[in-house]
Amino acid sequence: MKKLKVELGTCSYEIRVGTGLLARIGLWLKGRDFSGKAVIITDTIVEGLYAEVLERGLANAGFDVTILEVPPGEEQKSLETAGRLYDDLTEAYAERTTPVLALGGGVIGDLAGFVAATYMRGVPLIQVPTTLLAQVDSSIGGKTAVDHGQLKNIIGVFYQPKMVVADIDTLKTLPEIELANGLAEVIKTAAIRNKSFFNFLDINMNKALQYHPSVLETVVLETARIKAEIVEKDEKEVGLRGILNYGHTIGHAIEAVSDYELKHGQAVAIGMMAAAKISSRMEILDEVDIVKLERIIEKAGLPTEMPDMDKEAVWQAMQHDKKVAQDRIRFVLLRSIGNAFISDEIDPALVEEVLVGWG
Ligand code: ADP
Ligand code: ZN
């Protein structure tokens with residue numbers, strides 16, 4: 001097992017990455033200032049796969065465990081489901097010191113995180129991510145939220161967990177498409193910040209896709225390390241943290257226009273290619289690096305071309321994105337592989353041209 005510390009003053013916490021970790025969490029939580037109760041929030045699929053081993057470990061460590069289940073799917077990221085969970089917590093006599101363990105993918109992490117952040121003004125949260133996407137991205141950094149109306153993640157709060165436990169063993173049951181979904185964020189993180197990790201991915205992508213445990217462990221550890229470093233420098237996303245949105249401004253628009261037929265990672269992959277093309281058109285990024293990016297995205301089984309969709313609609317959707325100001329577009333560009341920056345000075349006409357003229 002490897003440990004990483006996220007240094008955030010009094011809100012600092014550890015990320016633990018390795019195999020066979022679910023069973024050990026109970027022991028790690030014992031002896032902290034927690035109550036004798038523990039609550040696991042999970043979805044029905046993950047419940048069937050991993051709740052028992054986590055529950056047993058907690059019970060062996062002396063916790064009285066309650067498991068709360070929601071159906072899988074983004075629709076559960078709602079105030080309605082949060083409301084039901086508040087009822088369940090009350091019924092389980094959860095206290096201010098009762099740890100809530102979010103066992104599942106990003107949906108569970110965001111939802112259970114939001115519930116833990118708000119119930120009794122905040123109860124201790126332990127993130128136990130079981131998708132690659134959640135292990136490398138959404139469980140780290142303290143963003144919690146639910147959706148509201150048509151808007152994703154619009155009701156939420158920054159709330160740091162007490163611990164993040166990424167058990168690589170849980171990835172074995174993950175469908176391939178979910179693995180690729182997470183690899184998009186992995187590639188993004190390397191592309192914006194760490195060239196040697198990018199090269200490692202280039203060499204080991206096939207092994208990652210074959211669920212090779214030690215490669216996946218390095219993938220999770222290194223991506224988490226980079227994300228943690230960025231979050232430490234800019235917890236509330238007033239500056240640097242924005243570079244994690246590389247590929248996301250266009251990606252979110254593509255995701256929305258596809259009516260969420262495309263997965264987040266697929267849309268982000270296309271968004272990364274678009275942002276690279278824009279960087280190149282502005283003569284900031286070398287063509288060679290675009291080719292490298294394209295190759296690695298392809299290796300991960302992710303799309304590199306605009307799908308057959310209304311590109312005007314993508315452009316319209318982008319202008320509604322909260323990161324797009326009136327006449328200037330705020331955008332993450334690449335200088336080279338491993339080096340991204342936020343630019344406020346992008347000519348909207350160029351973005352439109354790259355998007356609409358693509359493919
Ligand atoms: P994310 O936002 O992390 O991509 P979700 O929370 O939407 O993921 O989970 C994606 C799907 O994968 C859900 O149906 C969930 O139940 C399922 N899932 C999560 N973790 C695992 C796992 N380790 N093995 C198999 N399926 C999983
Ligand atoms: Zn993302």
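1. A residue is taken to be near a molecule if one of its heavy atoms lies within 4 Å of it. On that criterion, in what is a predicted model, 18 residues surround ligand 1, and the closest of them are Asp43, Gly106, Thr130, Thr131 and Thr173.

2. A polar side-chain atom of Asp43 is placed 2.7 Å from an oxygen atom of ligand 1, while Thr173 has a polar side-chain atom 2.7 Å from a nitrogen atom of ligand 1. For Asn181, a polar side-chain atom lies 3.5 Å from an oxygen atom of the ligand.

3. Turning to the helix packing, helix 6, which spans residues 176-193, packs against helix 7 at an angle of about 160°, the two axes being 8 Å apart. Because angles over 145 degrees count as roughly antiparallel, helix 6 and helix 7 are described as roughly antiparallel to each other, and helix 6 passes helix 7 in a left-handed crossing. Helix 6 contributes Leu179, Leu183, Val186, Ile187, Ala190, Ala191 and Arg193 to the contact, and helix 7 contributes Lys195, Phe197, Phe198, Leu201, Met205, Ala208 and Leu209. By class, the residues of this contact comprise twelve nonpolar and two charged, with no polar ones.

4. Helix 7 (residues 195-209) also packs with helix 11 (residues 287-299), here at an angle of about 15° and with the axes 9 Å apart. The two are therefore roughly parallel to each other, and the crossing of helix 7 and helix 11 is left-handed. On the helix 7 side the contact is made by Phe198, Leu201, Asp202, Met205 and Leu209, and on the helix 11 side by Lys292, Leu293, Arg295, Ile296 and Lys299. Six of the residues in the contact of helix 7 with helix 11 are nonpolar and four are charged, and no polar residue takes part.

5. A further pair is formed by helix 10 (residues 264-281) and helix 13 (residues 348-356), whose axes come within 10 Å and cross at roughly 125°. That angle makes helix 10 oblique to helix 13, and the crossing of helix 10 and helix 13 is right-handed. The contact involves Ala274, Lys277, Ile278 and Arg281 of helix 10, together with Leu350, Val351, Glu353 and Val354 of helix 13. The residues of this contact of helix 10 with helix 13 divide into five nonpolar and three charged, again with no polar residue.

Note on methods
Residues numbered from 1 in each chain as written. Chains lettered and ligands numbered in written order. Predicted model: local features only at pLDDT ≥ 70, side-chain atom pairs only at ≥ 80, totals over all residues. Heavy atoms only, no water. Axes fitted to C-alpha atoms, helices over the stretch in contact; angles between N-to-C directions. Helix = DSSP H or I, 4+ residues; strand = E, 2+ residues; numbered from the N terminus. Parallel < 35°, antiparallel > 145°, perpendicular 65-115°, else oblique. Left-handed = near helix turned anticlockwise from the far one by under 90°. Contact = heavy atoms within 4.5 Å. Nonpolar A, V, L, I, M, F, W, Y, C, P; charged D, E, K, R; others polar. Polar contact = N/O pair within 3.5 Å; in protein donor to acceptor, adjacent residues only side chain to side chain.
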